[in-house]
Amino acid sequence: MILMDLFRPKWKHPDPYIRRDAIKKLTDQVRLAEIATTDTALVARFAAAERLTDRDLAERLFSDIARTAESSHMRKCAIERLTDQAVLTAIARTDSESDVRIAAVRTLTDQPALIAIADTLDRAVRYAAVERLTDQPALTAIAQTDNDSFVRRAAVERLTGTNTLSAIARTDKNSYVRRAAVEHLTDQTLLGAVAKSDPKVKVRIAALRRITDRSVRSRIAGTDMDERVRQTGRVLCMSEAEMLSTLREFMKFILKPRVDEADLARFEATVRAVGEQLYRCGGESRMRDALQPLANIPQYRRIECIWSGIGEWRG
């Protein structure tokens with residue numbers, strides 16, 4: 001057997017993975033078509049199908065793998081190579097595993113099919129469908145009526161209709177959905193109303209950041225009951241140099257032997273607002289740049305902790 005193996009082509013080797021690696025180097029289309037349709041090992045058939053120039057045959061082979069392979073990994077790999085919208089729709093509706101259905105949805109472009117799938121019971125599949133939707137009436141319906149805030153928020157992120165966004169910013173029961181809507185609004189009157197009256201601090205802050213009139217923004221922030229909103233309004237009026245100066249002042253403040261708790265809370269709210277503004281201006285790299293001059297002071301870790309949760313920042 002060892003002598004026979006020496007003369008046998010690698011694409012005929014008894015080990016399917018050795019066959020697969022050899023098949024990846026083949027160019028003979030007749031041979032590849034034969035392997036893709038007759039080899040006993042799925043990995044070998046898949047490798048051959050990938051090398052085919054006959055796209056219709058390749059599509060049929062990948063369709064068969066995507067629908068019938070026992071391995072969910074192989075089904076997903078085949079799905080990524082499919083273009084047949086009907087096959088993808090069927091898999092998105094019927095595959096036994098959620099991650100395979102999601103893979104099919106993420107390959108779909110057919111809007112009516114995506115709209116239908118967005119009505120499924122599986123939350124993760126609905127979310128994946130919404131991320132592929134561009135149909136504004138469908139997105140509006142989902143943003144207004146889906147029972148899952150995660151899905152509603154995904155729909156809001158893709159909406160362009162100002163009236164719908166305005167209504168959601170005022171009335172959605174979930175603060176994260178309202179906040180997503182606010183972050184797409186430009187109506188200054190509505191933003192002012194939300195900044196004054198929304199029950200959640202983060203929504204009020206999001207609205208405050210969208211207000212372009214500095215005096216209006218300062219007036220609203222100055223009368224808010226929450227320190228975080230007031231300090232955000234203050235930071236929005238600062239230059240970058242002033243923000244960096246504030247960080248240095250905070251370092252001096254916490255080095256005092258005794259600090260007033262109310263002053264500390266106020267200062268920490270300001271530092272948090274500075275971090276959020278730096279993140280909006282340049283992401284985590286800008287935040288790191290701001291902290292770099294303070295790195296030789298052991299207490300600078302306090303700022304890192306205060307900034308925890310801004311973007312992917314972990315203090």
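This is a predicted model: local features need pLDDT of at least 70, side-chain atom pairs count only at pLDDT 80 or more; totals for chains, interfaces and linings use all residues.
Trainee: How many salt bridges does a search of the whole structure find?

Mentor: A salt bridge is a side-chain nitrogen of Lys or Arg within 4 Å of a carboxyl oxygen of Asp or Glu. By that criterion the search finds 23. One of them joins the side chains of R75 and E97, at 3.6 Å from N to O.

Trainee: Which parts does the pair R75 and E97 tie together?

Mentor: Helices (H or I, at least four residues) and strands (E, at least two) are DSSP runs, numbered from the N terminus. R75 belongs to helix α6 (residues 72-79) and E97 to the loop between α7 (85-94) and α8 (98-105), so the bridge ties together parts 22 residues apart in sequence.

Trainee: Are R75 and E97 buried or partly exposed?

Mentor: Buried means under 20% relative accessible area, exposed over 50%, and partly exposed in between (1.4 Å probe, protein chains only). R75 counts as buried because its relative accessibility is 5%, whereas E97, at 32%, is partly exposed.

Trainee: Where do the partners D122 and R101 lie?

Mentor: Their side chains meet in a salt bridge at 2.6 Å, N to O. This pair links distant parts of the chain, 21 residues apart: D122 is in the loop between α9 (111-117) and α10 (123-132), and R101 is in helix α8. Both D122 and R101 are buried.

Trainee: What separates E227 and R230?

Mentor: Both are in helix α18 (residues 227-236), and because they are three residues apart, about one helical turn separates them.

Trainee: What does the side chain of D198 reach?

Mentor: A polar contact is a pair of N or O atoms within 3.5 Å; within protein, one must be able to donate a hydrogen and the other to accept it, and residues adjacent in sequence count only if both atoms are side-chain atoms. The D198 side chain reaches the backbone nitrogen of K200 at 2.9 Å. D198 sits in the loop between α15 (188-197) and α16 (201-210) and is buried, at 7% relative accessibility. Contact means heavy atoms within 4.5 Å. Apart from neighbours within four places in sequence, D198 contacts A169, R178, A193, V203 and R204.

Trainee: Where is D148 found?

Mentor: D148 occupies the loop between α11 (136-145) and α12 (149-157) and counts as buried at 16%. Its side chain reaches the backbone nitrogen of F150 at 2.8 Å. Not counting residues up to four places away in sequence, D148 touches R123 and R126.

Trainee: Which residues of α19 are buried?

Mentor: They are M243, T246, L247, F250, M251, F253 and I254. The face turned away from the buried side carries the exposed residues A241 and K252.

Technical notes: Residues are numbered from 1 along each chain as its sequence is written. Side-chain values use heavy atoms; hydrogens and water are left out.
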